[in-house]
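Keep the model open beside the text as you read.

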Amino acid sequence: MDIKQLTAVVTVAEVGSVTKAAQLLHLVQPAVTRQIRMLEQELGVRLFERTRQGMRPTEAGALLVARARRALHELERARAEVRPTPGILTGAVTVGLLDSAADLLAEPLVSALARSHPRIELRVISGYSGYLQRWLDDGDLDLSLLYNLTSTPSLNVEPLARERLWAVGPPSDALHADRPVALADVAARPLVMPAPGHGLRALIDAAAARAGVSFEIAAQTNSMRLQKLLVQSGHGWTILPGVGIADDVAGGELTAAPLCDPEVWRQVVLGVPRGPRMSAAAAMVATELVRQVRSAVAADRWPSARLDVRPGEAAVSPNH
């Protein structure tokens, strides 16, 4: 098993085609096919099956792809870190952003690092907090925004901000930012909810238990985009953080009001793995991400959010 074989397997899995993989790897198609067959012979299992949609990993193939992707990422990071340029930060850093805040933070973060540290290879992944935490624990992310999490045996956590949750409805219901809506009134409507197991769902369910209300659930989804789409289509209301709906409300596609009785807040934190020393490049990305979050909150670009730390406080250090 060598790097070329692992690269071939991961690339074919990502693009679903040996031909496309060969083009991306600047190889002829038989060479990619040969790398995969050699690996299958070594392992004694089939790694792919051919379908109408293209090459699809088998169960064994999917397992190998997940491990190989992580191994290749670590090798790439090591290569950048052991051959540094004096005075210049280099290295690959993968950062996770909450789905709801990705549109707000991704472009400013990328632009700031491109200006100040252009040799850092930045990779930005967005997702729900539960997924991001799992990817962070698995080593697929170097650092990530999460919410409602304290430090764990595997992660150091730095609180950054608190943001309020909002009731969200279609334009016809004329919800308004100046008129908070009681959770009991929200519960009187059909709701489009995050799927069970999602951190936001757990937060909403806990608030409902405190208020002594139950929900009529019209639909459940693990996609914030689908939550908003279903609300626009008249399937009910939903509950989301303000940062995830600000543009939709401004564009007249949704209306929203902050929740009350009780107010529901979530805490946004920065999570980094415990253990080995954090690379200088990753520490710099962490510092810049913290700066972008604080700047967005202080400038009221992050709706209904409050800083959880004092501006100017030190961000996560390389020794975390």
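A word on conventions comes before the tour. This is a predicted model, in which local features need pLDDT of at least 70 and side-chain atom pairs count only at pLDDT 80 or more, while totals for chains, interfaces and linings use all residues. Residues are numbered from 1 along each chain as its sequence is written, and side-chain values use heavy atoms, with hydrogens and water left out.

Start with the interior. A nonpolar core here is a set of buried Ala, Val, Leu, Ile, Met, Phe, Trp, Tyr and Cys residues joined through side-chain atoms within 4.5 Å; buried means under 20% relative accessible area, exposed over 50%, and partly exposed in between, with a 1.4 Å probe and protein chains only. The largest nonpolar core holds 71 residues, and the members that touch the most others are Leu105, Leu143, Leu145, Val186, Leu270, Leu289 and Trp302. Helix α11 (residues 280-298) supplies the largest share of this core, 10 residues. Helices (H or I, at least four residues) and strands (E, at least two) are DSSP runs, numbered from the N terminus. Another core, of 18 residues, lies apart from the largest one, and Val9, Val10, Val32 and Leu47 are among its members. In soluble globular proteins, nonpolar side chains tend to be buried together.

Now turn to helix α2 (residues 18-25), whose buried residues are Val18, Ala21 and Ala22. They cover an arc of only 100 degrees around the axis, so they lie on the same side of α2; the arc is that of the directions from the helix axis to the C-beta atoms. These buried residues pack against α1 (3-15), α3 (29-43) and β2 (54-57), contact meaning heavy atoms within 4.5 Å. Gln23 and Leu24 are exposed, on the face turned away from the buried side of α2. Both ends of the helix are worth a look. At the start of α2, a side-chain oxygen of Ser17 comes within 3.2 Å of the backbone nitrogen of Thr19, and just after α2, His26 has a positive phi of about 60 degrees.

Just after α6, Gly139 takes a positive phi of about 90 degrees.

Rings of Phe, Tyr and Trp (its six-membered ring) pair if their centres lie within 6.5 Å; planes under 30 degrees apart count as stacked, over 60 as edge-to-face and the rest as tilted. By this rule there are 2 aromatic pairs. Tyr128 and Tyr131 have ring centres 6.4 Å apart and planes at 50 degrees, so this pair is tilted. Tyr131 and Trp135 have ring centres 6.2 Å apart and planes at 25 degrees, so this pair is stacked. Tyr131 and Trp135 are 4 residues apart in helix α6, which means about one helical turn separates them. Tyr128, Tyr131 and Trp135 form one aromatic cluster.

A charge sits over a ring if NZ of Lys or CZ of Arg is within 6 Å of the ring centre and within 35 degrees of the ring normal. The charged end of Arg162 sits over the ring of Trp265, 4.7 Å from its centre, and Arg266 lies over the face of Tyr147, 4.2 Å from the ring centre.

Pro258 lies in strand β11 (residues 255-260) and is buried, with a relative accessible area of 5%. Beyond its neighbours within four places in sequence, Pro258 is in contact with Arg164, Leu165, Trp166, His176, Ala177, Pro180 and Val181. In the loop between β11 and β12 you will find Pro262, joined to Asp261 by a cis peptide bond with omega of about 5 degrees. Asn148, in the loop between β5 and β6, has a positive phi of about 55 degrees although it is not a glycine.

Terms used: Polar contact = N/O pair within 3.5 Å; in protein donor to acceptor, adjacent residues only side chain to side chain.
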